[in-house]
Amino acid sequence: MRVAALYDIHGNLPALNALLAELENEKPNLIVIGGDIVSGPMPTETLERLMQLDTPVRFIRGNGDREVVSAFDGEPLPPEMSEAGRETTLWVSKQLNRSHRDFLSQLPLTLPLEIEGLGEVLFCHASPVSDEDIFTPLTPEERLFPMFQGIAQRIVICGHTHIQFKRKISDILILNSGSVGMPYADKPGAYWLLLGPNGYEHRWTPYDVEAAAKEIMSSTEPHAQIFAEQNVRQIPTALEAMEVLERMARKSTM
């Protein structure tokens, strides 16, 4: 069994399409979609593209998916959400129909899967206990322990911070898949993870970022141009992102 883990697509359909074209050659037995599917410029097109795949697909919930459902239902959004994030979330919620909303609302927080050669692997969005915990390669171990305490699996796959990395906490191997649609890395592209009997491999799929940026800017999403410029044409490096994310994490625990 070979599993492709695709996290944090964020409505970036061109990136997803490029990755799916590569998967036609890789032929995984299963695709796991690790949350934050629709929060971006092409939400319904992205979700429907995933639902039409011939390869079996399993989904878990990201904080973005949860927040879009809340907006659809007219519930208040988190007070700490940025104004830009609020505008995007509200816009995305208005693009969805009831069946999209119902699908997103029932996604699980975690997904355990038995993978030959690796044993039982636990997939989650941010951490096994929350869809919005923030941690990076720079996070002190004492802050990581509560997130992974009592976890039975020895391998945990996560995303949320959009940075590919691996970490060990006690005897648990943590693999961050990176982001398909909004990566923080040295070069643009779609970042993902392949798992199977031979272990795991962090992967990168290039795509035509200029063509993608033009397609994204045709969206009516309020921040489509910024998305195209800052998440497709040029992207933050992992180090730049880690410094910002660690400040956010420290602030949230104060």
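This report walks through a sheet and its neighbouring helices in a predicted model.

Let's start with the overall layout. Five strands form an open sheet in the order 4-5-6-8-7, and their pairing is mixed. Strand 4 (110-115) and strand 7 (164-169) sit at the edges with a single partner strand each, so one side of each has no neighbour in the sheet. From one strand to the next, the twist averages 20°.

## From strand 4 to strand 5

If you follow the chain into the sheet, you meet a hairpin made of strand 4 and strand 5, with three residues between the strands. Gly117 in this hairpin takes a positive phi near 90°. The two strands, strand 4 and strand 5 (residues 119-124), are antiparallel and pair over six bridges. To find this pairing on your screen, look for Leu111, whose bridge partner in strand 5 is Phe123.

## Parallel pairs around strand 6

Strand 5 also pairs with strand 6, and here the two run parallel, joined by three bridges. A handy landmark is Val121, which has Ile155 as its bridge partner in strand 6. Together with helix 6, strand 5 and strand 6 make up a β-α-β unit that is right-handed.

Strand 6 (residues 155-158) is joined to strand 8 (residues 172-177) as well, through four bridges, and this pair is parallel. Cys158 marks the spot: its bridge partner in strand 8 is Asn176.

## Helix 3 against helix 5

Now for a pair of helices. Helix 3 (residues 63-72) packs with helix 5 (residues 98-105) at an angle of about 135°, and their axes are 9 Å apart. That angle makes helix 3 oblique to helix 5. The crossing of these two helices is left-handed.

Which residues make the contact? Helix 3 contributes Asp65, Val69 and Phe72, while helix 5 brings Arg98, Arg101, Leu104 and Ser105.

Terms used:
Residues numbered from 1 in each chain as written. Predicted model: local features only at pLDDT ≥ 70, side-chain atom pairs only at ≥ 80, totals over all residues. Heavy atoms only, no water. Pairing = 2+ DSSP bridges. Axes fitted to C-alpha atoms, helices over the stretch in contact; angles between N-to-C directions. Parallel < 35°, antiparallel > 145°, perpendicular 65-115°, else oblique. Left-handed = near helix turned anticlockwise from the far one by under 90°. Contact = heavy atoms within 4.5 Å. Right-handed = clockwise from strand over helix to strand, strands pointing away.
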